[in-house]
Number of protein chains: 2
Amino acid sequence: MSHTSGVRQAQKQQTRQALLDAGLRLLEHQNLSSLGLRELTRAVGVSPAAFYRHFPDMADLGVALVGESLGSLHAVIRAVMAETTDSGDIIDRTVAVTERYVAEHRPHIRFIARERYGGVRAVREAIAAELHRFADEVAVGLATQPASAGWSPGDLRVLAELYVDHMVMTAAAFLEAEPDDDAARRRITHAARLRMRIISIGRAHWLDEQG
Amino acid sequence: MSHTSGVRQAQKQQTRQALLDAGLRLLEHQNLSSLGLRELTRAVGVSPAAFYRHFPDMADLGVALVGESLGSLHAVIRAVMAETTDSGDIIDRTVAVTERYVAEHRPHIRFIARERYGGVRAVREAIAAELHRFADEVAVGLATQPASAGWSPGDLRVLAELYVDHMVMTAAAFLEAEPDDDAARRRITHAARLRMRIISIGRAHWLDEQG
DNA sequence: TCATTCAGTAAACAACCGTTCGCCGACTTT
DNA sequence: AAAGTCGGCGAACGGTTGTTTACTGAATGA
(Lines give C-alpha, C1' and ligand atoms only; values in the text may rest on other atoms or scores of the structure.)
Protein backbone atom coordinates (compact mmCIF):
# COMPACT_ATOMS: atom_id res chain seq x y z
CA MET A 1 0.00 0.00 0.00
CA SER A 2 1.34 3.44 -0.84
CA HIS A 3 0.87 6.35 1.46
CA THR A 4 -0.33 9.55 -0.16
CA SER A 5 1.78 11.65 2.18
CA GLY A 6 5.01 11.20 4.08
CA VAL A 7 8.47 12.66 4.22
CA ARG A 8 9.50 10.68 1.16
CA GLN A 9 6.70 11.95 -1.09
CA ALA A 10 7.03 15.50 0.21
CA GLN A 11 10.73 15.65 -0.57
CA LYS A 12 10.14 14.23 -4.02
CA GLN A 13 7.47 16.77 -4.74
CA GLN A 14 9.82 19.46 -3.57
CA THR A 15 12.57 18.75 -6.09
CA ARG A 16 9.95 18.14 -8.76
CA GLN A 17 8.59 21.60 -8.08
CA ALA A 18 12.12 22.98 -8.10
CA LEU A 19 12.59 21.51 -11.57
CA LEU A 20 9.36 23.14 -12.75
CA ASP A 21 10.26 26.50 -11.21
CA ALA A 22 13.76 26.55 -12.64
CA GLY A 23 12.41 25.41 -15.99
CA LEU A 24 9.89 28.24 -16.09
CA ARG A 25 12.63 30.72 -15.27
CA LEU A 26 14.98 29.44 -17.95
CA LEU A 27 12.15 29.41 -20.49
CA GLU A 28 11.72 33.14 -20.21
CA HIS A 29 14.59 33.56 -22.63
CA GLN A 30 14.42 30.45 -24.77
CA ASN A 31 12.13 27.78 -26.16
CA LEU A 32 11.33 24.45 -24.61
CA SER A 33 12.91 22.59 -27.52
CA SER A 34 16.25 24.23 -26.78
CA LEU A 35 16.15 23.82 -22.99
CA GLY A 36 18.86 21.34 -22.05
CA LEU A 37 18.41 18.67 -19.44
CA ARG A 38 21.79 19.36 -17.87
CA GLU A 39 21.18 23.10 -18.02
CA LEU A 40 18.02 22.58 -16.01
CA THR A 41 19.41 20.23 -13.38
CA ARG A 42 22.44 22.48 -13.01
CA ALA A 43 20.14 25.40 -12.23
CA VAL A 44 18.30 23.38 -9.61
CA GLY A 45 21.42 21.91 -8.09
CA VAL A 46 20.76 18.22 -8.69
CA SER A 47 22.50 15.65 -10.81
CA PRO A 48 21.39 15.18 -14.43
CA ALA A 49 20.19 11.66 -13.70
CA ALA A 50 17.82 12.95 -11.00
CA PHE A 51 15.65 14.48 -13.71
CA TYR A 52 14.50 11.04 -14.84
CA ARG A 53 13.06 10.30 -11.39
CA HIS A 54 10.37 12.89 -12.19
CA PHE A 55 9.92 13.17 -15.95
CA PRO A 56 10.65 10.77 -18.81
CA ASP A 57 11.73 13.70 -20.99
CA MET A 58 11.57 17.47 -21.45
CA ALA A 59 8.28 17.35 -23.34
CA ASP A 60 6.68 15.81 -20.27
CA LEU A 61 7.93 18.62 -18.07
CA GLY A 62 6.45 21.02 -20.61
CA VAL A 63 3.05 19.38 -20.36
CA ALA A 64 3.24 19.64 -16.58
CA LEU A 65 4.00 23.35 -16.94
CA VAL A 66 0.92 23.79 -19.11
CA GLY A 67 -1.26 22.39 -16.36
CA GLU A 68 0.40 24.58 -13.78
CA SER A 69 0.01 27.66 -15.98
CA LEU A 70 -3.62 27.33 -17.02
CA GLY A 71 -5.13 25.11 -14.35
CA SER A 72 -6.04 27.94 -12.00
CA LEU A 73 -7.52 30.01 -14.83
CA HIS A 74 -10.61 27.87 -15.21
CA ALA A 75 -11.98 28.96 -11.85
CA VAL A 76 -11.24 32.59 -12.70
CA ILE A 77 -13.05 32.38 -16.02
CA ARG A 78 -16.10 30.70 -14.53
CA ALA A 79 -16.21 33.35 -11.81
CA VAL A 80 -16.19 36.20 -14.32
CA MET A 81 -18.78 34.48 -16.51
CA ALA A 82 -21.01 33.99 -13.47
CA GLU A 83 -21.33 37.74 -13.00
CA THR A 84 -24.15 38.11 -15.45
CA THR A 85 -24.19 41.87 -15.16
CA ASP A 86 -24.72 41.69 -18.93
CA SER A 87 -23.73 45.36 -19.24
CA GLY A 88 -20.46 46.89 -20.35
CA ASP A 89 -19.24 46.47 -16.83
CA ILE A 90 -18.39 42.83 -17.38
CA ILE A 91 -16.08 43.91 -20.20
CA ASP A 92 -14.03 46.10 -17.90
CA ARG A 93 -13.94 43.29 -15.36
CA THR A 94 -12.73 40.80 -17.96
CA VAL A 95 -9.94 43.04 -19.17
CA ALA A 96 -8.91 43.88 -15.60
CA VAL A 97 -8.83 40.22 -14.64
CA THR A 98 -6.73 39.40 -17.68
CA GLU A 99 -4.28 42.18 -16.87
CA ARG A 100 -4.03 41.02 -13.28
CA TYR A 101 -3.55 37.38 -14.17
CA VAL A 102 -0.75 38.21 -16.58
CA ALA A 103 0.92 40.45 -14.01
CA GLU A 104 0.81 37.73 -11.35
CA HIS A 105 1.74 34.82 -13.61
CA ARG A 106 3.95 36.50 -16.14
CA PRO A 107 6.43 33.65 -16.73
CA HIS A 108 3.62 31.12 -16.98
CA ILE A 109 1.71 33.12 -19.57
CA ARG A 110 4.89 33.82 -21.50
CA PHE A 111 5.51 30.10 -21.60
CA ILE A 112 2.01 29.46 -22.95
CA ALA A 113 2.31 32.11 -25.66
CA ARG A 114 5.75 30.85 -26.59
CA GLU A 115 4.87 27.18 -26.83
CA ARG A 116 1.35 27.44 -28.20
CA TYR A 117 2.75 27.00 -31.70
CA GLY A 118 6.17 25.82 -30.56
CA GLY A 119 8.23 22.88 -31.70
CA VAL A 120 7.05 20.35 -29.13
CA ARG A 121 3.92 18.57 -30.28
CA ALA A 122 2.82 17.21 -26.90
CA VAL A 123 2.96 20.69 -25.37
CA ARG A 124 1.10 22.27 -28.30
CA GLU A 125 -1.66 19.73 -27.92
CA ALA A 126 -1.87 20.21 -24.16
CA ILE A 127 -2.27 23.96 -24.62
CA ALA A 128 -4.84 23.49 -27.38
CA ALA A 129 -6.81 21.15 -25.10
CA GLU A 130 -6.85 23.71 -22.28
CA LEU A 131 -7.97 26.51 -24.59
CA HIS A 132 -10.67 24.19 -25.90
CA ARG A 133 -11.91 23.70 -22.35
CA PHE A 134 -11.90 27.46 -21.84
CA ALA A 135 -14.09 27.87 -24.92
CA ASP A 136 -16.44 25.20 -23.55
CA GLU A 137 -16.83 27.09 -20.31
CA VAL A 138 -17.37 30.41 -22.02
CA ALA A 139 -19.90 28.81 -24.37
CA VAL A 140 -21.86 27.46 -21.39
CA GLY A 141 -21.82 30.88 -19.78
CA LEU A 142 -22.95 32.61 -22.97
CA ALA A 143 -25.79 30.16 -23.47
CA THR A 144 -27.42 31.22 -20.21
CA GLN A 145 -27.48 34.89 -21.22
CA PRO A 146 -30.65 36.37 -22.73
CA ALA A 147 -28.57 38.00 -25.47
CA SER A 148 -27.89 34.54 -26.84
CA ALA A 149 -31.51 33.84 -27.74
CA GLY A 150 -31.84 32.75 -31.35
CA TRP A 151 -28.20 31.72 -31.65
CA SER A 152 -27.39 28.28 -32.92
CA PRO A 153 -25.09 26.23 -30.69
CA GLY A 154 -22.45 26.16 -33.43
CA ASP A 155 -22.40 29.93 -33.87
CA LEU A 156 -22.39 30.41 -30.12
CA ARG A 157 -19.36 28.18 -29.96
CA VAL A 158 -17.60 30.35 -32.55
CA LEU A 159 -18.40 33.39 -30.46
CA ALA A 160 -17.00 31.71 -27.37
CA GLU A 161 -13.79 30.87 -29.22
CA LEU A 162 -13.57 34.47 -30.36
CA TYR A 163 -13.74 35.64 -26.75
CA VAL A 164 -11.06 33.14 -25.71
CA ASP A 165 -8.81 34.08 -28.61
CA HIS A 166 -9.33 37.72 -27.74
CA MET A 167 -8.31 37.03 -24.15
CA VAL A 168 -5.13 35.32 -25.38
CA MET A 169 -4.49 38.22 -27.74
CA THR A 170 -4.86 40.71 -24.91
CA ALA A 171 -2.66 38.66 -22.58
CA ALA A 172 0.05 38.54 -25.25
CA ALA A 173 -0.17 42.31 -25.63
CA PHE A 174 0.35 42.79 -21.89
CA LEU A 175 3.30 40.42 -22.12
CA GLU A 176 4.99 42.48 -24.81
CA ALA A 177 4.84 45.64 -22.70
CA GLU A 178 7.27 46.12 -19.86
CA PRO A 179 5.58 45.38 -16.51
CA ASP A 180 6.21 48.89 -15.17
CA ASP A 181 5.22 50.75 -18.33
CA ASP A 182 1.94 52.18 -17.08
CA ALA A 183 1.26 54.15 -20.25
CA ALA A 184 1.54 51.03 -22.38
CA ARG A 185 -0.65 49.06 -20.00
CA ARG A 186 -3.34 51.73 -20.17
CA ARG A 187 -3.14 51.77 -23.96
CA ILE A 188 -3.56 47.99 -24.11
CA THR A 189 -6.46 48.11 -21.64
CA HIS A 190 -8.21 50.76 -23.72
CA ALA A 191 -7.73 48.79 -26.93
CA ALA A 192 -8.92 45.57 -25.34
CA ARG A 193 -12.07 47.20 -24.02
CA LEU A 194 -12.81 48.79 -27.37
CA ARG A 195 -12.38 45.48 -29.17
CA MET A 196 -14.66 43.69 -26.72
CA ARG A 197 -17.30 46.39 -27.07
CA ILE A 198 -17.21 46.11 -30.84
CA ILE A 199 -17.63 42.37 -30.60
CA SER A 200 -20.47 42.71 -28.08
CA ILE A 201 -22.30 45.23 -30.23
CA GLY A 202 -21.84 42.98 -33.25
CA ARG A 203 -23.25 40.13 -31.23
CA ALA A 204 -26.28 42.18 -30.18
CA HIS A 205 -27.15 43.21 -33.76
CA TRP A 206 -26.21 39.90 -35.37
CA LEU A 207 -29.75 38.55 -35.54
CA ASP A 208 -31.17 41.79 -37.00
CA GLU A 209 -28.80 41.66 -39.95
CA GLN A 210 -29.64 38.04 -40.65
CA GLY A 211 -33.28 38.74 -41.57
CA MET B 1 33.17 49.16 -57.81
CA SER B 2 30.96 46.16 -57.20
CA HIS B 3 28.80 44.62 -59.86
CA THR B 4 25.25 43.93 -58.87
CA SER B 5 25.22 40.76 -60.95
CA GLY B 6 27.76 38.23 -62.07
CA VAL B 7 28.53 34.58 -61.68
CA ARG B 8 30.06 35.21 -58.26
CA GLN B 9 27.06 36.98 -56.77
CA ALA B 10 24.61 34.58 -58.33
CA GLN B 11 26.35 31.55 -56.88
CA LYS B 12 26.49 33.19 -53.48
CA GLN B 13 22.80 34.00 -53.57
CA GLN B 14 22.14 30.43 -54.54
CA THR B 15 23.71 28.85 -51.47
CA ARG B 16 22.26 31.60 -49.31
CA GLN B 17 18.83 30.68 -50.60
CA ALA B 18 19.62 27.00 -50.05
CA LEU B 19 20.37 27.82 -46.42
CA LEU B 20 17.08 29.66 -46.06
CA ASP B 21 15.12 26.86 -47.75
CA ALA B 22 16.69 24.12 -45.67
CA GLY B 23 16.22 26.22 -42.54
CA LEU B 24 12.54 26.68 -43.25
CA ARG B 25 12.15 22.95 -43.78
CA LEU B 26 13.93 22.05 -40.55
CA LEU B 27 11.92 24.64 -38.64
CA GLU B 28 8.70 22.83 -39.39
CA HIS B 29 9.42 20.50 -36.51
CA GLN B 30 11.45 22.63 -34.11
CA ASN B 31 12.13 26.17 -32.94
CA LEU B 32 14.73 28.54 -34.26
CA SER B 33 16.53 28.60 -30.92
CA SER B 34 17.13 24.86 -31.17
CA LEU B 35 18.17 24.78 -34.83
CA GLY B 36 21.83 23.89 -34.98
CA LEU B 37 24.30 25.49 -37.33
CA ARG B 38 25.87 22.17 -38.26
CA GLU B 39 22.45 20.58 -38.61
CA LEU B 40 21.55 23.26 -41.14
CA THR B 41 24.75 23.16 -43.18
CA ARG B 42 24.60 19.36 -43.20
CA ALA B 43 21.10 19.53 -44.70
CA VAL B 44 22.30 21.91 -47.40
CA GLY B 45 25.47 20.00 -48.14
CA VAL B 46 28.03 22.69 -47.30
CA SER B 47 30.66 22.96 -44.62
CA PRO B 48 29.75 24.52 -41.26
CA ALA B 49 32.15 27.39 -41.88
CA ALA B 50 30.30 28.31 -45.08
CA PHE B 51 27.36 29.52 -43.01
CA TYR B 52 29.32 32.53 -41.76
CA ARG B 53 29.83 33.75 -45.32
CA HIS B 54 26.11 34.58 -45.35
CA PHE B 55 24.89 35.18 -41.81
CA PRO B 56 26.69 36.24 -38.63
CA ASP B 57 24.45 33.92 -36.58
CA MET B 58 21.19 31.98 -36.58
CA ALA B 59 19.13 34.92 -35.36
CA ASP B 60 20.12 36.77 -38.50
CA LEU B 61 18.92 33.94 -40.70
CA GLY B 62 15.66 34.05 -38.77
CA VAL B 63 15.22 37.74 -39.50
CA ALA B 64 15.84 37.04 -43.18
CA LEU B 65 13.16 34.36 -43.07
CA VAL B 66 10.70 36.86 -41.59
CA GLY B 67 11.22 39.14 -44.56
CA GLU B 68 10.83 36.26 -46.98
CA SER B 69 7.66 35.08 -45.23
CA LEU B 70 5.76 38.33 -44.90
CA GLY B 71 7.27 40.53 -47.57
CA SER B 72 4.93 39.44 -50.33
CA LEU B 73 1.88 39.77 -48.08
CA HIS B 74 1.89 43.57 -48.09
CA ALA B 75 0.90 43.71 -51.73
CA VAL B 76 -1.83 41.14 -51.15
CA ILE B 77 -3.28 43.08 -48.24
CA ARG B 78 -3.28 46.36 -50.10
CA ALA B 79 -4.97 44.68 -53.06
CA VAL B 80 -7.77 43.30 -50.90
CA MET B 81 -8.19 46.62 -49.10
CA ALA B 82 -8.42 48.43 -52.43
CA GLU B 83 -11.57 46.48 -53.34
CA THR B 84 -13.86 48.84 -51.49
CA THR B 85 -16.92 46.71 -52.18
CA ASP B 86 -17.79 47.62 -48.60
CA SER B 87 -20.31 44.76 -48.49
CA GLY B 88 -19.99 41.35 -46.91
CA ASP B 89 -18.31 40.23 -50.10
CA ILE B 90 -14.97 41.64 -49.01
CA ILE B 91 -15.16 39.43 -45.93
CA ASP B 92 -15.38 36.28 -48.01
CA ARG B 93 -12.55 37.54 -50.17
CA THR B 94 -10.36 38.23 -47.15
CA VAL B 95 -10.92 34.80 -45.67
CA ALA B 96 -10.36 33.12 -49.03
CA VAL B 97 -7.13 35.03 -49.58
CA THR B 98 -5.92 34.10 -46.10
CA GLU B 99 -6.68 30.44 -46.71
CA ARG B 100 -4.92 30.52 -50.05
CA TYR B 101 -1.84 32.28 -48.71
CA VAL B 102 -1.48 29.77 -45.89
CA ALA B 103 -1.91 26.87 -48.31
CA GLU B 104 0.76 28.23 -50.63
CA HIS B 105 3.23 29.36 -47.96
CA ARG B 106 2.54 26.85 -45.23
CA PRO B 107 6.11 26.50 -43.87
CA HIS B 108 6.60 30.27 -43.92
CA ILE B 109 3.42 30.97 -41.97
CA ARG B 110 4.18 28.17 -39.54
CA PHE B 111 7.55 29.79 -38.95
CA ILE B 112 5.92 33.14 -38.23
CA ALA B 113 3.38 31.69 -35.80
CA ARG B 114 6.09 29.67 -34.10
CA GLU B 115 8.57 32.51 -33.65
CA ARG B 116 6.15 35.38 -33.04
CA TYR B 117 6.59 34.85 -29.30
CA GLY B 118 9.64 32.60 -29.62
CA GLY B 119 12.92 32.68 -27.79
CA VAL B 120 14.87 34.83 -30.26
CA ARG B 121 14.39 38.51 -29.57
CA ALA B 122 15.57 39.83 -32.94
CA VAL B 123 13.11 37.59 -34.76
CA ARG B 124 10.24 38.51 -32.45
CA GLU B 125 10.89 42.17 -33.08
CA ALA B 126 11.13 41.68 -36.84
CA ILE B 127 7.75 39.93 -36.87
CA ALA B 128 6.19 42.60 -34.64
CA ALA B 129 7.47 45.29 -36.99
CA GLU B 130 5.93 43.57 -40.01
CA LEU B 131 2.57 43.14 -38.28
CA HIS B 132 2.75 46.80 -37.28
CA ARG B 133 3.17 47.72 -40.94
CA PHE B 134 0.20 45.54 -41.83
CA ALA B 135 -1.91 47.40 -39.30
CA ASP B 136 -0.74 50.69 -40.80
CA GLU B 137 -1.86 49.61 -44.25
CA VAL B 138 -5.22 48.35 -43.03
CA ALA B 139 -5.74 51.56 -41.09
CA VAL B 140 -5.11 53.62 -44.21
CA GLY B 141 -7.57 51.47 -46.11
CA LEU B 142 -10.23 51.76 -43.44
CA ALA B 143 -9.86 55.53 -43.23
CA THR B 144 -10.97 55.89 -46.84
CA GLN B 145 -14.19 53.97 -46.24
CA PRO B 146 -17.42 55.89 -45.56
CA ALA B 147 -18.17 53.56 -42.66
CA SER B 148 -15.26 55.10 -40.80
CA ALA B 149 -16.81 58.55 -40.57
CA GLY B 150 -16.80 59.80 -37.01
CA TRP B 151 -14.07 57.43 -35.90
CA SER B 152 -11.04 58.84 -34.13
CA PRO B 153 -7.68 57.90 -35.65
CA GLY B 154 -6.76 56.07 -32.44
CA ASP B 155 -9.88 53.94 -32.39
CA LEU B 156 -9.53 53.29 -36.11
CA ARG B 157 -6.04 52.06 -35.43
CA VAL B 158 -7.35 49.65 -32.79
CA LEU B 159 -9.87 48.37 -35.31
CA ALA B 160 -7.11 47.86 -37.88
CA GLU B 161 -5.05 45.90 -35.36
CA LEU B 162 -8.10 43.80 -34.58
CA TYR B 163 -8.42 42.89 -38.24
CA VAL B 164 -4.73 42.02 -38.48
CA ASP B 165 -4.84 39.94 -35.31
CA HIS B 166 -7.92 38.23 -36.64
CA MET B 167 -6.09 37.39 -39.85
CA VAL B 168 -3.22 35.90 -37.88
CA MET B 169 -5.70 33.98 -35.74
CA THR B 170 -7.37 32.57 -38.83
CA ALA B 171 -4.07 31.69 -40.46
CA ALA B 172 -3.03 29.82 -37.31
CA ALA B 173 -6.28 27.90 -37.37
CA PHE B 174 -5.66 26.83 -40.97
CA LEU B 175 -2.17 25.77 -39.93
CA GLU B 176 -3.46 23.50 -37.20
CA ALA B 177 -5.71 21.63 -39.59
CA GLU B 178 -4.23 19.06 -41.95
CA PRO B 179 -3.90 20.52 -45.47
CA ASP B 180 -6.17 17.88 -47.00
CA ASP B 181 -8.85 17.96 -44.30
CA ASP B 182 -11.54 19.69 -46.31
CA ALA B 183 -14.13 19.47 -43.56
CA ALA B 184 -11.85 21.22 -41.10
CA ARG B 185 -10.98 23.88 -43.66
CA ARG B 186 -14.65 24.58 -44.29
CA ARG B 187 -15.31 24.80 -40.56
CA ILE B 188 -12.47 27.29 -40.11
CA THR B 189 -13.66 29.32 -43.09
CA HIS B 190 -17.17 29.47 -41.69
CA ALA B 191 -15.95 30.54 -38.25
CA ALA B 192 -13.64 33.19 -39.70
CA ARG B 193 -16.43 34.69 -41.78
CA LEU B 194 -18.79 34.73 -38.82
CA ARG B 195 -16.21 36.45 -36.64
CA MET B 196 -15.50 39.06 -39.28
CA ARG B 197 -19.20 39.74 -39.75
CA ILE B 198 -19.69 40.21 -36.01
CA ILE B 199 -16.80 42.67 -35.96
CA SER B 200 -18.12 44.52 -39.02
CA ILE B 201 -21.60 44.81 -37.52
CA GLY B 202 -20.14 46.03 -34.26
CA ARG B 203 -18.15 48.58 -36.20
CA ALA B 204 -21.25 49.79 -38.04
CA HIS B 205 -23.26 50.28 -34.83
CA TRP B 206 -20.38 51.58 -32.73
CA LEU B 207 -21.23 55.23 -33.12
CA ASP B 208 -24.94 54.71 -32.32
CA GLU B 209 -24.12 53.16 -28.96
CA GLN B 210 -21.77 56.00 -28.06
CA GLY B 211 -24.50 58.65 -27.93
C1' DT C 1 14.76 -4.14 14.62
C1' DC C 2 15.66 -5.57 10.16
C1' DA C 3 14.76 -5.86 5.23
C1' DT C 4 13.01 -3.07 1.56
C1' DT C 5 12.12 0.86 -1.21
C1' DC C 6 13.75 4.56 -3.90
C1' DA C 7 15.29 9.69 -4.66
C1' DG C 8 19.59 11.31 -5.66
C1' DT C 9 24.73 10.58 -6.94
C1' DA C 10 29.11 10.17 -9.47
C1' DA C 11 31.26 8.50 -13.40
C1' DA C 12 31.65 7.17 -17.86
C1' DC C 13 29.80 6.90 -22.72
C1' DA C 14 29.89 8.28 -27.55
C1' DA C 15 28.15 11.96 -30.07
C1' DC C 16 27.61 16.54 -31.07
C1' DC C 17 28.12 21.53 -30.74
C1' DG C 18 29.74 26.59 -32.45
C1' DT C 19 33.71 28.82 -33.84
C1' DT C 20 38.40 29.74 -35.73
C1' DC C 21 42.15 28.91 -38.83
C1' DG C 22 44.80 28.61 -43.09
C1' DC C 23 44.26 27.13 -47.60
C1' DC C 24 42.45 26.44 -52.25
C1' DG C 25 40.58 27.57 -56.68
C1' DA C 26 37.26 29.83 -59.44
C1' DC C 27 35.68 34.34 -60.63
C1' DT C 28 36.81 39.41 -61.27
C1' DT C 29 39.33 43.46 -61.97
C1' DT C 30 43.25 45.88 -63.83
C1' DA D 1 47.95 37.81 -68.61
C1' DA D 2 48.78 39.03 -63.91
C1' DA D 3 47.01 40.40 -59.43
C1' DG D 4 43.33 40.45 -56.35
C1' DT D 5 38.95 39.04 -54.39
C1' DC D 6 36.28 35.81 -51.90
C1' DG D 7 32.99 31.65 -51.33
C1' DG D 8 33.73 27.23 -49.77
C1' DC D 9 36.56 23.50 -47.48
C1' DG D 10 38.81 20.45 -44.05
C1' DA D 11 40.72 20.17 -39.70
C1' DA D 12 41.14 21.12 -35.23
C1' DC D 13 39.65 23.52 -30.71
C1' DG D 14 37.53 23.04 -26.03
C1' DG D 15 33.32 22.29 -24.33
C1' DT D 16 28.64 20.53 -24.02
C1' DT D 17 24.96 17.24 -24.70
C1' DG D 18 21.43 13.10 -23.26
C1' DT D 19 21.53 8.68 -21.32
C1' DT D 20 23.01 4.53 -18.75
C1' DT D 21 25.25 2.30 -14.99
C1' DA D 22 26.09 0.75 -10.31
C1' DC D 23 26.03 2.93 -5.97
C1' DT D 24 24.58 5.09 -1.36
C1' DG D 25 21.82 6.36 2.46
C1' DA D 26 17.68 7.94 4.42
C1' DA D 27 12.64 7.09 4.82
C1' DT D 28 9.55 3.25 5.01
C1' DG D 29 6.79 -1.09 6.30
C1' DA D 30 6.68 -5.59 8.56
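Glu137(B) is buried, because its relative accessible area of 15% falls under the 20% cut-off. Keep in mind that this is a predicted model.

**Around Glu137(B)**
- Glu137(B) sits in helix H7 of chain B, which runs over residues 121–143.
- Its side chain makes a polar contact of 2.9 Å with the side chain of His74(B).
- Setting aside neighbours within four places in sequence, Glu137(B) is in contact with His74(B), Ile77(B) and Arg78(B).

**Helix H5 of chain B**
- Buried residues in H5(B) include Ile90(B), Ile91(B), Val95(B), Thr98(B), Glu99(B), Tyr101(B) and Val102(B).
- Among the elements covering those buried residues are H3 (58–70), H4 (73–82), H6 (106–115), H8 (153–176) and H9 (182–210) of chain B.

**The cavity**
- The structure holds one cavity of 30 Å³ or more, and the largest cavity has about 240 Å³ of space.
- Its lining counts 18 residues, with Leu73(A), Ile109(A), Met167(A), Val168(A) and Ala171(A) nearest the centre.
- Helices H5 (89–104), H6 (106–115), H7 (121–143) and H8 (153–176) of chain A each give two or more residues to this lining, and H8(A) gives the most, with five residues.
- By class, the lining has 16 nonpolar, one polar and one charged residues.

Note on methods
Residues numbered from 1 in each chain as written. Chains lettered and ligands numbered in written order. Predicted model: local features only at pLDDT ≥ 70, side-chain atom pairs only at ≥ 80, totals over all residues. Heavy atoms only, no water. Buried < 20%, exposed > 50% of the residue type's maximum accessible area, 1.4 Å probe, protein only. Helix = DSSP H or I, 4+ residues; strand = E, 2+ residues; numbered from the N terminus. Contact = heavy atoms within 4.5 Å. Polar contact = N/O pair within 3.5 Å; in protein donor to acceptor, adjacent residues only side chain to side chain. 1 Å grid on protein atoms, 1.4 Å probe; cavity = no way out; pocket = protein on both sides within 12 Å on 5 of 7 lines; lining within 4 Å. Points joined across faces, edges and corners; volume = space filled by probe spheres on them. Nonpolar A, V, L, I, M, F, W, Y, C, P; charged D, E, K, R; others polar.
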